[in-house]
Amino acid sequence: MDYMPSSERVIHKAHTVEVQWEKGSTVTFDGKVYEFRQFHFHTPSEHLIDGITYPLEMHMVNTLRGDDQVYLVWSILFREGEENPLLATFLNDVPEKPDGEVVLRTKIDLMDYRVPELDYYTYQGSLTTPPYTESVTWVIHKTIREASAAQLKRLGELEGNNARHVQPLHGREVEEK
Ligand SMILES: [Zn+2]
C-alpha cells in the first residue's frame, strides 16, 4: 500500500457517506497497480462472516491503473466497542443533508490505521450498487475494527439501511489468505 496522507472532501450522498481522495495513492495487489479513489460506508454490513452481520462496513475503492472499470475493493467490518479514531477524523464534518459536501480540514493518513497482520478473504464479485459491475476483486479483512455506539448510530442515521442483500456464490470460491 502506498496511500498518501490525503482526502479532499466528505460527501453525504443519497445513500452513503463517502470520503474522496486526491490522486496519487496506489496499492499493488496480485502484481497489479490500482489507484485509490474513495472510501464509503454501509450500515449494516454487506458481507457476513460465518453468517454474522456486522453493524458497519467500510469499502475502500481502488481502480486498476489504465482501466477504471476494474475494481479492487478492501472491505473492513466494524463491531460496537471503542471510539474509532479514523471515523472521528471526519464524522462531525458530514453534511446533515444528502447531496451536501464539505472540504475536509485535516488530512487523513490511512497508514496510521493499518493492522500489522493482513489476513483476509478474497473472491471475484461485483459492485453492490448499480450498475453492479462484475469486475471487482473483493478483499475482506479478517480483523474486525471497533466503532463506538454513538459513531455507529450517527452513520446509521445519515445513511439508513444501504446494504445489498447477500448474493448466492454461484460456484465462486472464497479464498482465505
Ligand atoms: Zn460499498
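Student: What does Leu155 touch, not counting residues up to four places away in sequence?
Tutor: Leu155 touches Val17, Phe41, Thr43 and Leu56. Contact is C-beta atoms within 7 Å, placed from the backbone. Mind that this is a predicted model: local features need pLDDT of at least 70, side-chain atom pairs count only at pLDDT 80 or more, and totals for chains, interfaces and linings use all residues. Residues are numbered from 1 along each chain as its sequence is written.
Student: Which residues of α2 are buried?
Tutor: Gln151, Leu152, Leu155, Leu158 and Glu159. They sit on the same side of α2, because they cover an arc of only 130° around the axis. The arc is that of the directions from the helix axis to the C-beta atoms. Buried means 20 or more other C-beta atoms within 10 Å of a residue's own; exposed means 12 or fewer, and partly exposed is in between.
Student: And which are exposed on the other side?
Tutor: Ala149, Ala150 and Glu157.
Student: What follows α2?
Tutor: Gly160, with a positive phi near 70°.
Student: New topic. Which members of the largest nonpolar core touch the most others?
Tutor: Leu56, Met60 and Leu155, out of 28 residues. Such a core is a set of buried Ala, Val, Leu, Ile, Met, Phe, Trp, Tyr and Cys residues joined through C-beta atoms within 7 Å. β6 gives the most, six residues.
Student: How many helices and strands are there?
Tutor: Two helices and eleven strands. These are DSSP runs, numbered from the N terminus: helices are H or I, at least four residues, and strands are E, at least two.

Terms used. Contact = placed C-beta atoms within 7 Å.
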